[in-house]
Amino acid sequence: MKSAVEQLSTYKSVHLNPKNINTHFIGVPMIIWSAFLMLGTLRFAWLDYQVSAAMILTVVVLGYYMALHLRLALGLVLFILPVLYTSELVVHTSHPFYIAISIFIIGWVIQFVGHQYEKAKPAFMDDLNQLLIGPFFLMAELYFIFGWEKELAAEITPIAREKRRALENKRRSL
């Protein structure tokens, strides 16, 4: 498994423009919530409980984040549990899948608008694992805004800029 520094610097390398990052603060939560809603419609009984694919994803993804960086993962717990709860409420309304698809599409449109500012393709196009790093990256950015995890920010930013230079040089040479 790649380290948090490796994952974050790769993601940040195509998320250096503040306008792009700002669009991600809107688009990524929309995508996550809608994905949880879609997965919440996939349900099965376990013992005396109704379990959804979203609940299972929550445990798996939070475990992954905890393995990467415990302090960032704690912030993600505070984000993901309300996402799971609110999406579970909407699962029980009429047409939850249509609601999820609509929000999912809008979230992705916002993401791609952000990447027009960045003039770089989304990180997941080269590495699907980067889809999981989006929320992790935004939590890191939020921590950095609050002045937390300064050492992590100081470590990933120069690596990200170097990776971006390499990407731009590669693109110019093609």
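Helix H4 (residues 70–91) and helix H6 (residues 130–145) pack at about 105°, and their axes lie 9 Å apart. Axes here are lines fitted to C-alpha atoms, for helices over the stretch in contact, with angles running from 0 to 180 degrees between N-to-C directions. H4 and H6 are therefore roughly perpendicular to each other; that label covers 65 to 115 degrees, while angles under 35 count as roughly parallel, over 145 as roughly antiparallel and the rest as oblique. On the H4 side, the contact is made by Arg71, Leu72, Leu74, Gly75, Leu76 and Phe79, and on the H6 side by Pro135, Phe136, Met139, Ala140 and Tyr143 (contact means heavy atoms within 4.5 Å). Nine of these residues are nonpolar, one is polar and one is charged. In this scheme Ala, Val, Leu, Ile, Met, Phe, Trp, Tyr, Cys and Pro are nonpolar, Asp, Glu, Lys and Arg are charged, and the others, Gly among them, are polar.

A word on the source: this is a predicted model, in which local features need pLDDT of at least 70 and side-chain atom pairs count only at pLDDT 80 or more, while totals for chains, interfaces and linings use all residues. Residues are numbered from 1 along each chain as its sequence is written, and side-chain values use heavy atoms, with hydrogens and water left out. Helices are DSSP runs (H or I, at least four residues), numbered from the N terminus.

H2 (residues 18–40) packs against H3 at about 130°, with the axes 6 Å apart, so H2 and H3 are oblique to each other. Phe36, Leu39 and Gly40 of H2 meet Ala53, Ala54, Leu57 and Thr58 of H3. This contact has five nonpolar and two polar residues, and no charged ones.

Now for the open spaces. A pocket is an open set of points on a 1 Å grid over the protein atoms alone, where a 1.4 Å probe fits, with protein on both sides within 12 Å along at least five of seven lines; lining residues have an atom within 4 Å of a point. Volume is the space filled by probe spheres set on the points, which are joined across faces, edges and corners.

| Pocket | Volume | Lining by class |
|---|---|---|
| Largest | about 480 Å³ | 22 nonpolar, six polar, no charged residues |

The largest pocket has 28 lining residues, with Ile31, Ile32, Leu131, Leu132 and Pro135 nearest its centre. H2 gives the most to this lining, with seven residues. Around the second largest pocket there are 17 lining residues, of which Val14, Lys121, Asp126, Leu167 and Lys170 lie nearest the centre. Helix H7 (residues 150–173) provides the largest share of that lining, six residues.

Asn20, in H2, counts as buried because its relative accessibility is 0% (buried means under 20% relative accessible area, exposed over 50%, partly exposed in between, with a 1.4 Å probe and protein chains only). Leaving aside residues up to four places away in sequence, Asn20 touches Val14, His15, Gln111, Gly114, His115, Tyr117 and Glu118.

Ile156 belongs to H7 and is likewise buried, at 0% relative accessibility. Its C-alpha atom is 4.9 Å from that of Ser9, although 147 residues separate Ile156 and Ser9 along the chain.

Definitions and conventions
Helix = DSSP H or I, 4+ residues; strand = E, 2+ residues; numbered from the N terminus.
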